[in-house]
Amino acid sequence: MFFIPLFLGFSADLCNVINEGEMNYFYRGYLFYALLIFFGSAFNSLAGSISIDTSHFYMRHSFDVLKYKLNIDLYDCYTSPYHKAYSAIESITLKIDSLSNTIKLNAVNSSIVIDSVRGVCKFFTHSEDTLRIRLNRDFQPGEIVNIRIHYRHKEVVDHAFYSGYGCVFFDFPPEGARKCFPCWDRPSDKAMWELTAKVPLEVRLGSNGILSDSLISGDSLYYHWISSEPVATYLMTISSNNKYNLDVLYCHNPLHSGDSTQARFYYNKGEKPYEIERVICPMNTFFSSKFGEYPFRKIGFATMNELFKWGGMENQSMINLQPNAWMEGLISHEFAHQWFGDLITCGTWADVWLNESFGTYCESLWLENTGGFNAYKQHLDTQANSYLKENPGVPVYNPDWAIHTPTAEQLYNVPIVYYKGACVLHQLRYILGDSMFFIVLKSYTGDTNYRYKNAVTEDFIAKVTQVSGKDYFWFFDEWIYHIDHPVYQNKYKIEKQDDMRWKVKLNVVQVQKKTVVFKMPLEIKVQFIDERDTLVKVNNMFKNQLFEFEFSKQPLRILFDPYRNILLKEALTIEGIINDK
């Protein structure tokens with residue numbers, strides 16, 4: 001009853017629709033597949049309890065979408081009553097990866113209606129939020145398939161397509177694209193994007209990639225945007241308003257004098273983005289020096305209206321913001337995502353920290369560039385304190401999310417994925433040292449295995465190991481795969497040996513109950529009676545560990561982790577009696 005019958009012979013390449021009563025023969029051949037799904041769910045439950053990375057396995061798929069081409073009519077969405085309905089024609093080009101005669105696309109029934117499917121199609125069904133397209137033959141791996149879909153978006157609020165008060169936009173995280181166009185809606189399947197949008201003459205509209213042209217026909221304006229760089233579906237966007245102001249400037253590339261990056265600022269009446277316009281080119285230069293040249297030809301920023309629920313959203317080359325959110329910290333976070341999240345996209349949702357922790361850490365990096373190390377450290381200290389107060393006791397990496405998509409609220413867990421993850425990156429900088437840390441980051445963003453593609457947590461760990469020449473799995477195992485943080489209850493004792501020698505005994509004790517022992521290099525500052533001090537470094541490998549130091553002058557006190565390089569901890573260090581045993 002959810003299918004619209006089509007007239008046979010309407011088009012030679014027009015698919016037939018199967019109604020529910022005629023579907024038995026279609027599904028009979030998939031009984032074995034259904035059994036696999038059933039038993040697969042049991043394996044999925046088991047996989048959810050495994051602490052090692054499972055992402056590479058769950059990124060596999062039977063086809064690879066190469067390009068989405070969307071021709072969409074939004075003309076009636078900008079004036080009262082601000083319609084949510086629109087019509088569109090979508091062309092999908094994909095490459096077959098394993099022998100197949102069926103293509104399955106995500107397409108939410110409550111949001112979109114499929115009118116027809118054309119191309120190499122025998123028939124299609126649309127039910128249970130899935131568009132199943134039976135191809136006209138078996139396709140071999142490597143073959144290219146082209147499909148054209150005529151569809152309509154319903155007059156519904158679905159929290160993916162937004163229309164209100166002259167502002168129209170897409171907002172997809174984590175998997176809302178399937179509500180606006182049929183697609184394979186997973187972060188691991190990136191594709192080129194081409195958009196033609198029909199709007200009223202007064203509308204300004206931005207999207208991913210470069211504006212190829214904008215043509216006037218009668219009372220309509222047709223915007224044509226093209227992204228030749230692959231985009232994850234959740235990063236595809238339309239950002240538009242019938243009252244936008246638009247400023248355009250260019251950031252010159254210091255490494256290539258003839259090249260420049262276009263920066264477009266779409267903003268609402270009364271807003272003043274001028275300070276961000278002033279700072280965006282220096283920010284581009286700074287991040288490019290750390291992570292490699294800016295990876296796209298354009299960067300756009302657009303403020304939405306009150307319908308937009310985030311502070312900002314890092315859509316590839318076209319960032320959406322809250323109204324009047326021209327704040328340097330937010331801009332640095334979203335702009336850094338163009339490297340960490342857009343150039344290299346998390347392979348599964350279990351790996352979302354590779355996006356959000358890095359974007360959050362880059363806020364602090366930008367502060368270090370503009371305000372010095374103290375500004376950097378103060379920002380991270382604040383985030384660490386917030387994590388310690390709000391810690392929900394879950395790991396940064398949740399293996400179940402490689403299989404089952406979490407809600408947006410679960411996925412974007414601020415204390416864990418943002419604050420804890422950013423602090424973990426500072427701690428990685430601490431153990432690697434500044435030089436090696438930034439060499440690792442630039443090698444990661446420059447690796448062609450990941451650029452314009454995806455990476456998972458295992459990949460980043462492997463990159464750290466490869467570049468540094470040392471195995472750092474232990475570090476990520478503690479801080480990313482396991483929950484919580486160390487809780488230290490330390491004691492020290494100063495003993496006089498003779499007139500020229502003093503001994504300091506330090507008992508480092510971790511008392512956390514629900515997680516692992518955190519093996520970390522520790523810094524101990526020893527302050528002397530002559531008001532001088534020295535810094536001692538030790539490796540804490542055990543839950544209860546005794547360290548002894550000898551000095552030729554009298555120590556006064558010791559300070560544990562004096563520069564707070566281990567941000568994620570609770571610690572109490574007192575002078576007291578130590579049991580040497």
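**Helix packing and aromatic pairs in a predicted chain**

Helix α9 and helix α12 (residues 473–481) pack at an angle of about 160°, with axes 11 Å apart; axes are lines fitted to C-alpha atoms, for helices over the stretch in contact, and angles run from 0 to 180 degrees between N-to-C directions. That angle makes α9 roughly antiparallel to α12, given that angles under 35 degrees count as roughly parallel, over 145 as roughly antiparallel, 65 to 115 as roughly perpendicular and the rest as oblique. The crossing of α9 past α12 is right-handed (left-handed if the near helix is turned anticlockwise from the far one by less than a right angle, right-handed if clockwise). On the α9 side the contact is made by Lys 420, Val 424, Gln 427, Leu 428 and Ile 431, and on the α12 side by Trp 474, Phe 475, Phe 476, Trp 479 and Ile 480; contact means heavy atoms within 4.5 Å.

The structure is a predicted model, in which local features need pLDDT of at least 70 and side-chain atom pairs count only at pLDDT 80 or more, while totals for chains, interfaces and linings use all residues. Residues are numbered from 1 along each chain as its sequence is written, and side-chain values use heavy atoms, with hydrogens and water left out.

The chain holds 12 helices and 29 strands; helices (H or I, at least four residues) and strands (E, at least two) are DSSP runs, numbered from the N terminus. Of its 581 residues, 55% count as buried, where buried means under 20% relative accessible area, exposed over 50% and partly exposed in between (1.4 Å probe, protein chains only). Among contacts in the chain with a separation of 6 or more, 70% involve residues 24 or more positions apart.

Helix α9 also packs against helix α7 (residues 373–390): the two axes come within 9 Å and cross at roughly 130°. The helices α7 and α9 are therefore oblique to each other, and α7 passes α9 in a left-handed crossing. Residues in this contact include Tyr 376, Leu 380 and Tyr 387 of α7 and Ile 416, Lys 420 and Arg 429 of α9. Arg 429 lies over the face of Tyr 376, at 4.9 Å from the ring centre. In a second case, the charged end of Lys 290 sits over the ring of Phe 438, 4.1 Å from its centre. A charge sits over a ring if NZ of Lys or CZ of Arg is within 6 Å of the ring centre and within 35 degrees of the ring normal.

Rings of Phe, Tyr and Trp (its six-membered ring) pair if their centres lie within 6.5 Å; planes under 30 degrees apart count as stacked, over 60 as edge-to-face and the rest as tilted. By this rule there are 51 aromatic pairs. One of them joins Trp 310 and Tyr 412, edge-to-face, at 5.4 Å centre to centre and 75° between the planes. Trp 310 lies in the loop between β18 (298–303) and β19 (312–313) and Tyr 412 in the loop between α8 (408–411) and α9 (414–432), so the pair ties together parts that are 102 residues apart in sequence. Both Trp 310 and Tyr 412 are buried. Phe 475 and Phe 476 form another edge-to-face pair, at 5.3 Å centre to centre with 85° between the planes. Phe 475 is buried, at a relative accessible area of 0%, and Phe 476 is buried at 0% as well.
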